[in-house]
There are 2 protein chains.
Amino acid sequence: MANARCTDSGLPVSGEFALIERYFTRPSARAVLGVGDDCALLQSAPGMQLAISTDMLVAGRHFFPDTDPRLLGHKSLAVNLSDLAACGARPLAFTLALSLPEVDAPWLQAFSEGLLALADAHQCELIGGDTTRGPLTICITVLGEVPMDAARLPVPTSALLRSGAQTGDDVYVSGSLGDAALALRALQGQLPLTAPLPSALLAQARQRLDAPQPRVALGQALRPLASACADLSDGLLGDLGHILARSGCGARLDVSQVLPLLATRQHCVGGPAQFDATYGTELALQCVLAGGDDYELVFCAAPAQRLAMDALAQSLALALTRIATIEAEPGLRLVDAQGAPLQASFASFDHFTP
Amino acid sequence: MANARCTDSGLPVSGEFALIERYFTRPSARAVLGVGDDCALLQSAPGMQLAISTDMLVAGRHFFPDTDPRLLGHKSLAVNLSDLAACGARPLAFTLALSLPEVDAPWLQAFSEGLLALADAHQCELIGGDTTRGPLTICITVLGEVPMDAARLPVPTSALLRSGAQTGDDVYVSGSLGDAALALRALQGQLPLTAPLPSALLAQARQRLDAPQPRVALGQALRPLASACADLSDGLLGDLGHILARSGCGARLDVSQVLPLLATRQHCVGGPAQFDATYGTELALQCVLAGGDDYELVFCAAPAQRLAMDALAQSLALALTRIATIEAEPGLRLVDAQGAPLQASFASFDHFTP
């Protein structure tokens with residue numbers, strides 16, 4: 001990525017470079033060297049480790065091609081910051097690779113504003129990248145930092161990992177779940193035509209789909225409290241499943257505890273019962289358990305941390321809900337309020353499962 | 001990026017995760033934590049800075065959709081390693097984001113082999129990434145390291161930058177130039193039908209297009225010798241133009257010194273004169289000066305370094321050719337062997353210039 005202009009050399013002002021300079025170049029604050037050279041340079045503080053994650057968003061698959069570019073800029077970085085949050089890392093910097101079908105100045109203006117506003121909110125600096133012509137695709141690599149912890153084995157880090165869950169741990173999720181998936185179904189016309197979502201409810205749910213808030217502060221606060229953590233991008237069952245698989249354990253999950261996490265259902269006129277009567281409990285469960293695109297955190301902690309979790313929830317003004325218990329027996333067992341096993345199967349979101 | 005399998009939880013073995021596990025997951029060597037969690041973790045050694053660069057390759061723009069996937073895997077990482085080389089950084093690790101129209105096992109097998117063979121050759125570890133369904137697009141972010149240098153101002157680094165060229169410096173390029181661009185023209189049918197490139201010459205030129213060798217060892221060796229450096233991805237005029245613009249200076253370039261850098265022209269039966277008679281000197285100049293896709297280095301050094309450069313060229317078995325001199329007056333002046341200004345204009349490669 002470069003922002004050099006070569007007017008003096010008789011070369012044309014290059015479209016790509018002018019584009020980068022106009023929308024994405026700002027003075028570097030935290031980086032040793034930001035946008036404008038072959039590489040950016042970053043120096044981590046002594047005793048710190050870098051946390052690195054990459055996400056690619058493709059038009060027509062991860063977002064509608066006509067999505068408001070400001071929201072798209074926000075979401076492109078948000079899904080990456082959510083990975084840093086899952087590790088308890090503090091955001092530092094990111095690179096942006098952008099493939100665009102055409103140079104559309106108002107689109108780029110709005111996209112960069114949405115992107116850089118969230119970057120500024122988390123003091124996460126744009127340090128480099130690439131632009132090219134092609135199908136609308138956004139790829140961000142984000143860099144954060146966590147303190148090393150030489151005493152911790154087998155991975156000498158203070159970062160939250162998926163692999164640390166212990167038998168007896170409580171399993172929590174932050175915030176509300178499933179509303180993004182419900183909004184997507186509504187927008188795709190998958191809800192009954194006779195009972196569309198009221199516009200105020202749809203707007204709230206769509207906010208979750210379009211402008212997720214990465215739980216960066218929560219992740220950092222959880223470092224000394226939680227035993228394992230993942231972010232909810234593919235759906236609760238899938239992402240909790242990753243924790244269980246990596247930790248070599250299982251869990252029992254009472255679905256009656258997670259149903260109230262669907263905010264749209266709680267806020268429905270007539271309450272949850274009316275929602276279930278109109279759309280079916282099955283839809284609510286699908287959205288909460290397998291919806292994807294929530295960007296909340298699912299994490300485990302010893303029961304001794306319950307008071308600390310209550311205090312943390314209060315200080316962050318964010319619900320932290322106990323939904324399951326870690327058990328030695330591998331597998332995720334869904335049970336109803338009476339403890340009876342649920343037979344339903346829920347596919348987690350996967351870009352390669354039809 | 002995750003490689004967890006959730007068979008025990010009643011979830012299907014996820015296509016995306018199984019894919020990643022099969023082709024791209026290997027034990028981590030240098031990273032604190034590699035593929036399989038929300039973030040990878042990397043710890044840089046004391047006194048080192050991270051060099052970071054991102055490149056995105058789009059099918060139909062940067063490569064033919066039917067390109068041999070093994071070569072494509074190689075080239076995808078090579079163009080990123082070339083950015084590290086330009087800074088004199090030692091490769092450490094990279095992330096890979098891959099958008100694929102379908103899951104094609106032989107394609108993935110070959111792509112990952114080409115990618116990981118080059119990664120192994122440079123001890124550059126795959127630490128994470130993302131896979132999704134979509135138009136064939138490859139985005140790699142590469143991380144390397146360079147020693148910090150607190151005494152150097154305004155950027156306290158030992159990395160080679162574009163901004164350090166000084167009046168009186170020699171300008172060098174490594175290796176040969178323009179053969180990748182010539183191969184591309186031949187493959188696109190832009191050479192005269194009456195005089196196709198002989199197949200042995202085309203094969204050599206195509207090797208430069210398909211399997212560029214990033215000058216990683218050269219870049220590191222240049223750190224104490226060169227005043228400025230860039231890699232040649234967009235063409236000599238454009239990339240040297242970046243050095244001049246960032247360094248606030250100009251250069252005088254004798255095109256008769258760069259014409260012999262087109263290896264295909266030198267190796268032509270009948271010699272360079274026969275090449276020029278058949279294809280025109282203009283074509284040779286276009287390829288050498290503005291061809292792009294060379295992935296050689298262009299760099300500046302004080303005349304006092306000439307003996308050191310000769311020794312370096314010999315030790316690396318790589319030509320290092322002096323092609324220009326840095327001058328105080330901004331701009332890049334092309335002159336012929338007699339010193340007369342060249343009138344021709346050469347567009348550097350740009351994804352957004354039609």
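Which residues in α2(A) meet which residues in α3(A)? In this predicted model, the α2(A) side of the contact consists of Pro69(A), Arg70(A), Leu71(A), Leu72(A), Gly73(A), His74(A), Ser76(A), Leu77(A) and Ala78(A). These meet Trp107(A), Ala110(A), Phe111(A), Ser112(A), Glu113(A), Gly114(A), Leu115(A), Ala117(A), Leu118(A) and Ala119(A) in α3(A). By class, the contact of α2(A) with α3(A) comprises 12 nonpolar, five polar and two charged residues.

Helix α2 spans residues 69–87 of chain A and helix α3 spans residues 105–121 of chain A; the two pack at an angle of about 40°, and their axes are 7 Å apart. Helix α2(A) is therefore oblique to α3(A). The crossing of these two helices, α2(A) and α3(A), is right-handed.

The residues in contact are Phe275(A), Asp276(A) and Tyr279(A) in α10(A), and Thr281(A), Leu283(A) and Ala284(A) in α11(A). Of these residues, four are nonpolar, one is polar and one is charged.

Strand pairing was also examined. Strand β3 (residues 90–100) of chain A pairs with β4(A) in the parallel sense, over eight bridges. Opposite Leu98(A) stands Thr131(A) in β4(A). Strand β4, residues 125–133 of chain A, is mostly covered, with eight of its nine residues buried.

Conventions. Residues numbered from 1 in each chain as written. Chains lettered and ligands numbered in written order. Predicted model: local features only at pLDDT ≥ 70, side-chain atom pairs only at ≥ 80, totals over all residues. Axes fitted to C-alpha atoms, helices over the stretch in contact; angles between N-to-C directions. Helix = DSSP H or I, 4+ residues; strand = E, 2+ residues; numbered from the N terminus. Parallel < 35°, antiparallel > 145°, perpendicular 65-115°, else oblique. Left-handed = near helix turned anticlockwise from the far one by under 90°. Contact = placed C-beta atoms within 7 Å. Nonpolar A, V, L, I, M, F, W, Y, C, P; charged D, E, K, R; others polar. Buried ≥ 20, exposed ≤ 12 C-beta atoms within 10 Å, placed from the backbone. Pairing = 2+ DSSP bridges.
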